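Here is a short briefing on one protein model. Look at the sequence and the structure first, then read the points below.

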Amino acid sequence: MEIIKVANYEAMSVQGAHHILTHLITKQINVLGLATGGTPEGLYRTLREKINEKALSLNHLHTVNLDEYIGLPADSPASYHHYMHDIFFKYIAIPTENTHLPNGNAPDVVEECAHYEKVIESLGGVDLQLLGIGHNGHIGFNEPGSPFNGRTRIVDLAPSTIEANARYFSSKKDVPRQAITMGIENIMESRHILLLASGKEKADAVKALIEGNVSEEIPATILQHHPNLTIIADEAALSSVTRALPTI
Ligand code: F6R
C-alpha cells in the first residue's frame, strides 16, 4: 500500500488527477473505474482540464462506475448518471457508448446486475479503480457486513449512508433505500486502486483501512490485501493514523 499524505482537499484532488493522468498516458489503460460523491469532485474538475490541455485521445477508453441508486431516472439531478455527465463526461471527448453505469431504473434490476458483470468482463476487467470511502468504511455501496466475495448486486443502504447522501436530495425521505453496486470481489479484481479521502469525518474509517483488522464489518479493510493500492488523503483524514507520514 502506498500512502500519499497531502495538506488538504485541493492538493488531494490535484494529486489524484495527476495519478489517473499518468495511468492514462504512460500505462495506456483501457478501462477506468469511477466513483461519485463529494470526494472526487475536485479530481474530476482537474482531470478534465488536464485531458483537454493535453488533447488526450479517449476513443479507446471505457469507464465503469461503481454504483447507482435504484429507482431514480438517469436524468434526475441526484442520479449518478447525471453526476458523471455533469462533472466529467460532458467536458471530455469520450464516446458516450464507452461510459458505463449500472441502470438503476432497469425493469429487471437483478438482470441488470448480471448484465453489468458481463459488461465489465467483456472489457477485460478494470485497469484502475477510483474509490472514495464512507464514514462507516463502505466502498462502492458495500456497507458493513458485505461479503468479501460479493459481486455486482442490489444492496440496502445503511442509515448513516442515507443520512450522509441526503445533501443531494431535497429531503432525507427522497434518498433511495437501495442501490446497485459492484461487489468487493469486483473491486479487488481491479489491477490498480486509487482511494481518496478528505476531512476529519473520514479519519476513523481511514485509520481502520490502514491499521485495523481486516473484517467484513469495515469493508475497506480488505484493501490491505490489494497488491496495487494507492491512498491519497489529506492531513485531516489521516489524523488518527499512528504511523508517521510526511506531508508531500
Ligand atoms: C460513490 C461511492 C461511495 C462514496 C462514499 C464517500 O460512487 O461508491 O462509496 O465514495 O460514500 O462519499 P463522499 O465522497 O460523498 O464522502
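Does Ala106 count as buried or exposed? Ala106 counts as buried, because its relative accessibility is 14%; buried means under 20% relative accessible area, exposed means over 50%, and partly exposed lies in between (1.4 Å probe, protein chains only).

This is a predicted model, in which local features need pLDDT of at least 70 and side-chain atom pairs count only at pLDDT 80 or more, while totals for chains, interfaces and linings use all residues. Residues are numbered from 1 along each chain as its sequence is written, and side-chain values use heavy atoms, with hydrogens and water left out.

**Ala106 and other loop residues**

- Ala106 sits in the loop between β5 (99-100) and α4 (109-122). Helices (H or I, at least four residues) and strands (E, at least two) are DSSP runs, numbered from the N terminus.
- Ala106 and Ile3 are 103 residues apart in sequence. In space they are 39 Å apart, C-alpha to C-alpha.
- Gln28 belongs to the loop between α1 (9-26) and β2. Its phi is near 45°, a positive value in a residue other than glycine. Gln28 counts as exposed, because its relative accessibility is 58%.
- Ala55 lies in the loop between α2 and β3. Its phi is near 45°, again a positive value in a residue other than glycine. Ala55 is exposed, with a relative accessible area of 65%.

**Where α2 meets α3**

- The axes of helix α2 (residues 41-53) and helix α3 (residues 80-87) come within 10 Å and cross at roughly 40°. Axes are lines fitted to C-alpha atoms, for helices over the stretch in contact, and angles run from 0 to 180 degrees between N-to-C directions.
- α2 and α3 are therefore oblique to each other. Angles under 35 degrees count as roughly parallel, over 145 as roughly antiparallel, 65 to 115 as roughly perpendicular, and the rest as oblique.
- From α2, the contact uses Glu41, Tyr44, Arg45 and Arg48. From α3, it uses Tyr83, Met84 and Ile87. Contact means heavy atoms within 4.5 Å.
- By class, this contact has four nonpolar, no polar and three charged residues. Ala, Val, Leu, Ile, Met, Phe, Trp, Tyr, Cys and Pro count as nonpolar, Asp, Glu, Lys and Arg as charged, and the others, Gly among them, as polar.

**The buried side of α3**

- The buried residues of α3 are Tyr80, Tyr83, Met84 and Ile87. Seen down the axis of α3, they fall within an arc of 95°, so they line one face of the helix. The arc is that of the directions from the helix axis to the C-beta atoms.
- The elements covering these residues include β2 (31-34), α2, β3 (62-65), β4 (67-69) and α5 (159-165).

**Buried residues in other helices**

- Ser13 is found in helix α1. Ser13 counts as buried, at 1% relative accessibility. Leaving out residues up to four places away in sequence, Ser13 touches Gly42, Leu43 and Thr46.
- Thr161 has its place in helix α5. At 3% relative accessibility, Thr161 counts as buried. Leaving out residues up to four places away in sequence, Thr161 touches Asn136, His138, Phe141 and Glu143.
- In helix α7 (residues 203-211), the buried residues include Ala203, Val206 and Leu209. The buried residues of α7 pack against β1 (2-6), β9 (192-197) and β10 (229-234).
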